[in-house]
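Reader: I'd like to go through this model with you, pockets and strands in turn. Could you put it up?

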Amino acid sequence: MIQSSGERIDLIIRRLQCKECAKIHHELPACIVPYRRHCACTIESIVEGSVWSVCCENSTTARVSSWFRKRFAYFLGCLESKRAGWNQPRQIDSGSLLLRIQSCLKNKIHWLKKLVRFVVNSNLWLQTRSVLLPV
């Protein structure tokens, strides 16, 4: 993982096997965004436009911004479905998508960690990795 300061940290991720379904699950710390190298705080700063507070190249900030921009509507939809399941009133469609996501989470600090935790634990995280088996 790469922190906001640019320091690289090696993490050991626990792998757990479910006794019921026999699938392998990975226990991720809150600072991790699945399939991303940078920590959640760095990605959050880039998405909010505070790129001066992170230590990474311009091409990295552009890639992270693009990755998140493509998923804004999906993440908002996940949060809206949670709200509907709890019979909470639908949010008024005003403001930017980022502000709408933050208001759904009811927190503007560390909102990305909460968002990732909710989407991953709801089994809604989109992954683009696939495995090709030799024929």
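Reader: Which element gives the largest share of the lining of the largest pocket?

Author: That share comes from α4, with five residues. Helices are DSSP runs of H or I with at least four residues, strands are runs of E with at least two, and both are numbered from the N terminus. A pocket is an open set of points on a 1 Å grid over the protein atoms alone, where a 1.4 Å probe fits and protein lies on both sides within 12 Å along at least five of seven lines, and lining residues have an atom within 4 Å of a point.

Reader: Before we go on, what are the ground rules for this model?

Author: The model is predicted, so local features need pLDDT of at least 70 and side-chain atom pairs count only at pLDDT 80 or more, while totals for chains, interfaces and linings use all residues. Residues are numbered from 1 along each chain as its sequence is written, and side-chain values use heavy atoms, with hydrogens and water left out.

Reader: OK, back to the largest pocket: which residues lie nearest its centre?

Author: His-26, Glu-27, Leu-28, Pro-34 and Val-120 do, out of 27 lining residues. By class the lining has 16 nonpolar, five polar and six charged residues, where Ala, Val, Leu, Ile, Met, Phe, Trp, Tyr, Cys and Pro count as nonpolar, Asp, Glu, Lys and Arg as charged, and the others, Gly among them, as polar.

Reader: And the second largest pocket, which helix gives the largest share of its lining?

Author: Helix α2, residues 58-85, supplies five residues there. The second largest pocket is lined by 22 residues, and those nearest its centre are Tyr-35, Arg-36, Arg-37, His-38 and Arg-63.

Reader: Switching to the strands, how many bridges join β1 to β2?

Author: Four bridges join β1 (residues 14-17) to β2 (residues 24-27), and the two run antiparallel; strands count as paired if DSSP finds at least two bridges between them. Gln-17 has Ile-24 as its bridge partner in β2, and the hairpin has six residues between its strands, with Ala-22 in the turn at a positive phi of about 65°.

Reader: What does Arg-14 form a salt bridge with?

Author: Its partner is Glu-27, with the closest N and O atoms 2.6 Å apart; the term needs a side-chain nitrogen of Lys or Arg within 4 Å of a carboxyl oxygen of Asp or Glu.
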